[in-house]
Amino acid sequence: MTNQLTKDVLLGKSVEELTQWVQQQGQPAYRGKQLYQWLYQKGARSLSEITVFPKKFRESVAEYPIGRSEIHFESTAPDSTRKYLLRLADGLIIEAVGIPTAKRLTVCVSSQVGCPMACDFCATGKGGFTRNLKAYEIVDQVLTVQEDFGQRVSNVVFMGMGEPLINLDEVVSAVKSLNKDVGIGQRSLTISTVGISDRIRQLAEHKLQVTFAVSLHASNQKLREELIPNAKNYRLPQLLAECREYVEITGRRVTFEYILLSEVNDSPQHAQELIKHLKGFQTHVNLIPYNPISEADYQRPSQQRIEKFTNVLQKAKIAVSVRYSRGLEANAACGQLRASRSAT
Ligand code: SF4
């Protein structure tokens, strides 16, 4: 195991920083641009494969850490969704998912190893928290999926392991790098959160053009605390007030996510409660029918219940879509693959 985490890895650096680095190695400045292209466009995994570099230079820096992970395990679902377990430099394992559609390739990235939020319906939450990811470890996930599919990534969603707003600085750096260095439009990047006090405002102050999604998952405070234990530190009125501030500061709308759990939060009464909270928001609600982790767990609602819930929101003129998790067979829900292969 190398100690890449404490060493100054190359991935995540700007073209100016890479130019500085090659000059420190006694090379001309233009090699910085070459390095930049090989890192972000060609997905180089080691400096020894950069054939435009002189052989002697390549050999002298062959062991220098770039910051790439290794694919530890990969599984493909019948709908072509690919789920990856990636081994980081310190041996820890994270998940990333590649979701292809007709013209797009979306990557679901992790922002932490594990997650401290402990949401009751989430496999990652049940596994505990280890550490935050560095920005380059987030960028690496996108490059890895891009390379494995042999197709450019068009969209990135921060909906894998972890709560992105706990790791705000590294997530913002990763967003900037994915935009500037990898070439993905900010509007094609989605940051999703269950809500951390004051952090929505802090994110707004960065004035990014990203899509911002808040996971409500419950229509009242009591139920929310049962599903998201950390919600007791951040009550619904405060969360919604910060969402309103986010809209004011950024001029961008907030999308709300709501996981549908059978007989828990999916009745027409719950839908009515939700409508009251969303008054005054120009919003879109994504309903996500639950992906069961095990038989003893929460259940996915019947199609009839999903439709009833959707109709109540639509009647109140709330834009709503139902988003089914892709790759159900490949354990595509957050944290499921790592949980099911924890012995590997
Ligand atoms: S749902 Fe998201 S925030 Fe909640 S425990 Fe899972 S990864 Fe963490």
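Reader: How many bridges join β4 to β7?
Author: In this predicted model, local features need pLDDT of at least 70, side-chain atom pairs count only at pLDDT 80 or more, and totals for chains, interfaces and linings use all residues. Residues are numbered from 1 along each chain as its sequence is written, and side-chain values use heavy atoms, with hydrogens and water left out. Strands (E, at least two residues) and helices (H or I, at least four) are DSSP runs numbered from the N terminus, and two strands pair if DSSP finds at least two bridges between them. Strands β4 and β7 run parallel, and the bridges that join them number three.

Reader: Which residue in β7 is the bridge partner of V107?
Author: Strand β4 covers residues 105–108, and β7 covers residues 155–158. The partner of V107 in β7 is V156.

Reader: Does β3 run parallel or antiparallel to β4?
Author: A hairpin of four residues joins β3 to β4. Four bridges join β3, which spans residues 93–100, to β4, and the direction is antiparallel.

Reader: Which residues of β4 are buried on each side?
Author: In a regular strand, side chains alternate between the two faces of the sheet. Buried means under 20% relative accessible area, exposed over 50%, and partly exposed in between, computed with a 1.4 Å probe on protein chains only. Both faces of β4 are covered: one side has L105 and V107, and the other has T106 and C108.

Reader: At which cysteines does UniProt place the feature "binding site"?
Author: UniProt positions follow the numbering used here, feature names are shortened, and annotations may be inferred rather than shown by experiment. The entry concerned is unreviewed, and the residues it gives for this feature are C115, C119 and C122.

Reader: Why does C115 count as buried, and at what relative accessible area?
Author: C115 is in the loop between β5 (112–114) and α4 (123–126). Beyond its neighbours within four places in sequence, C115 is in contact (heavy atoms within 4.5 Å) with T124, G125, G128, F129, G162 and E163. C115 counts as buried because its relative accessible area is 9%.

Reader: What is the relative accessibility of C119?
Author: C119 lies in the loop between β5 and α4. With neighbours within four places in sequence left aside, C119 is in contact with G125, V194, L227, I228 and P229. C119 counts as buried, with a relative accessibility of 8%.

Reader: Is A118 buried, partly exposed or exposed?
Author: A118 is found in the loop between β5 and α4. Its phi is near 55°, a positive value in a residue other than glycine. The relative accessible area of A118 is 33%, so A118 is partly exposed.

Reader: Which residues come nearest to the ligand?
Author: A residue is near a molecule if one of its heavy atoms lies within 4 Å of it. Ala, Val, Leu, Ile, Met, Phe, Trp, Tyr, Cys and Pro count as nonpolar, Asp, Glu, Lys and Arg as charged, and the others, Gly among them, as polar. By these classes the shell around the ligand has seven nonpolar, three polar and no charged residues. Of the ten residues around the ligand, those that come nearest are C115, C119, C122, G125 and G162.

Reader: How far does the backbone nitrogen of L165 lie from a polar atom of the side chain of E163?
Author: E163, in the loop between β7 and α6 (168–180), is among the residues that the unreviewed UniProt entry covers with "binding site". E163 is buried, with a relative accessible area of 3%, and the residues it touches include C115, S192 and V194. The distance from the backbone nitrogen of L165 to a polar atom of the E163 side chain is 2.9 Å.

Reader: What separation do the C-alpha atoms of F281 and L240 have?
Author: F281 is found in the loop between α10 (268–278) and β11, and is buried at 12% relative accessible area. Leaving out residues up to four places away in sequence, F281 touches L240, C243, R244 and F256. Although F281 and L240 are 41 residues apart along the chain, their C-alpha atoms are separated by 9.6 Å.

Reader: Does K317 count as buried or exposed?
Author: K317 is found in the loop between α11 and β12 (319–322), and its phi is near 65°, a positive value in a residue other than glycine. Because its relative accessibility is 76%, K317 counts as exposed.

Note on methods: A polar contact is a pair of N or O atoms within 3.5 Å; within protein, one must be able to donate a hydrogen and the other to accept it, and residues adjacent in sequence count only if both atoms are side-chain atoms.
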